[in-house]
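Please look over the sequence and the model below before reading on.

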Amino acid sequence: MGPFFIKNFTLEQLEQWVHALGEKPFRARQLFRHLYARNISSWSQCSDLSRAFRAQLECSATPDALAISRIDEAPDGTRKYLFRLHDGNFIESVIIPDPPRCTLCVSSQVGCALGCKFCLTGSIGLKRNLETAEIVDQVCQGLRDPELGPRINSLVLMGMGEPLANYDEVVRAIHIITNPNGLMFSHRRVTLSTVGLVPQLRRLGVETPVNLAISIHAADDKLRDELMPVNRTYPLSEIMRACREYPLPPRKRITFEYILLDGVNDSPRQAKQLVRLLEGVRAKVNLIAFNSHPGSHFRTPPMERILGFQDVLRKANLAAIIRKSRGNEISAACGQLGAKTQVENG
Ligand code: SF4
């Protein structure tokens, strides 16, 4: 059995745990504030707890679930954290400063089972799901970054893994991260990105109002089957039906992520297909040029092709933004997480 992580508990579960230890109920709120509002890394920082209770905490639970193994910084200021897990596995989180935004990209699994063809994380395969504490602690430790931590104002569940394949741990982590007594992230500042696991997608809309991003990457099933094998289980028609029925709060839109692969999915005809696919959905599109790297046969499209794709979407009144690729030099860009870790440590 692995170690016991106190950050696996929501506030309500912490209250039950504290009660079972024979402590007063207010102790749970006190602990929650220490863990998140104060973001402590050691129980010795909690001087208002009785010595006996602190001693009990010392021998039963650690505040942190992750150990920092390395921090890399790219010339554009993007900072990648490599965390060591208690079982010797590694995960990565990335802080991306892009004023006025500063985004922390969080992992949800060690590796990923879904094997999207353009994704290095997918080439690792799935090693295991992360526990709630291991997800929440990426946020706590990111916030402790002396330079970028205080500037982090948005979170994306877009790192290693498919968040909806680890549904319960991820949703519990979201409840903790957005709790007003703790880290206080507004739901509006949290985005979950998924390939579209339809049953979990339907639950998500009911259980938490975070922003939703769908990794779409192709607008026809034949190509999407090839690029993303999960499409054979949940084809585009099912994903789009779930999106149309998604209980979106007023004025919110679903973001569709589209990685442009040179000569594969970047033609004007495919842009028109995407327009048709998104009809009837409150949608915006993020266009991301693929980052060429050794080990992948996909290439970055030339800029005129990217602009041409965007132009087709815009002419159809679809909001389409070309996202800058960040952190290429440290393998922190979209779809690059984890694989280098494997080479270096495995
Ligand atoms: S793109 Fe996402 S879902 Fe696909 S293999 Fe990579 S991590 Fe998994």
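The protein in this predicted model is divided into two parts, with domain 1 covering residues 6-60 and domain 2 covering residues 67-345. Between the C-alpha centres of domain 1 and domain 2 there is a distance of 33 Å.

**Where the domains meet**

- Contact between the two parts involves 10 residues of domain 1 and 15 residues of domain 2.
- On the side of domain 1 that touches domain 2, helix α2, which spans residues 26-37, gives the most, contributing 5 residues.
- Sorted by class, the residues on that side of domain 1 comprise 4 nonpolar, 3 polar and 3 charged.

**Helix α6**

- Which residues of helix α6 (residues 167-177) are buried? They are E169, V170, A173, I174, I176 and I177.
- Viewed down the axis of α6, these buried residues fall within an arc of 160°, and they therefore line one face of the helix.
- The elements against which the buried residues of α6 pack are the strands β6 (126-129), β7 (154-157) and β8 (190-194), together with the helix α5 (132-143).

**F83 in strand β2**

- Strand β2, made up of residues 79-84, contains F83.
- F83 counts as buried because 22 other C-beta atoms lie within 10 Å, where the cut-off for a buried residue is 20 or more.
- Leaving aside residues up to four places away in sequence, F83 touches L66, A67, I68, S69, F90, I91, S93 and Q138.

**Around the ligand**

- The ligand is surrounded by 12 residues, and the closest of these are C112, L114, C116, C119 and G122.
- Taken by class, the shell around the ligand holds 5 nonpolar, 6 polar and 1 charged residues.

**Confidence of the model**

- Across the protein the average pLDDT is 92, and 94% of the residues score at least 70.
- How many contacts beyond four places in sequence does the model have for residues 339-346? The model has 10 such contacts for residues 339-346, a stretch over which pLDDT stays under 50.
- Where pLDDT is low, the predicted coordinates should not be read in detail.

Technical notes
Residues numbered from 1 in each chain as written. Predicted model: local features only at pLDDT ≥ 70, side-chain atom pairs only at ≥ 80, totals over all residues. Domains from an automatic or database assignment. Contact = placed C-beta atoms within 7 Å. Helix = DSSP H or I, 4+ residues; strand = E, 2+ residues; numbered from the N terminus. Nonpolar A, V, L, I, M, F, W, Y, C, P; charged D, E, K, R; others polar. Buried ≥ 20, exposed ≤ 12 C-beta atoms within 10 Å, placed from the backbone. Arc of directions from axis to C-beta. Near = placed C-beta within 6 Å. pLDDT = per-residue confidence, 0-100.
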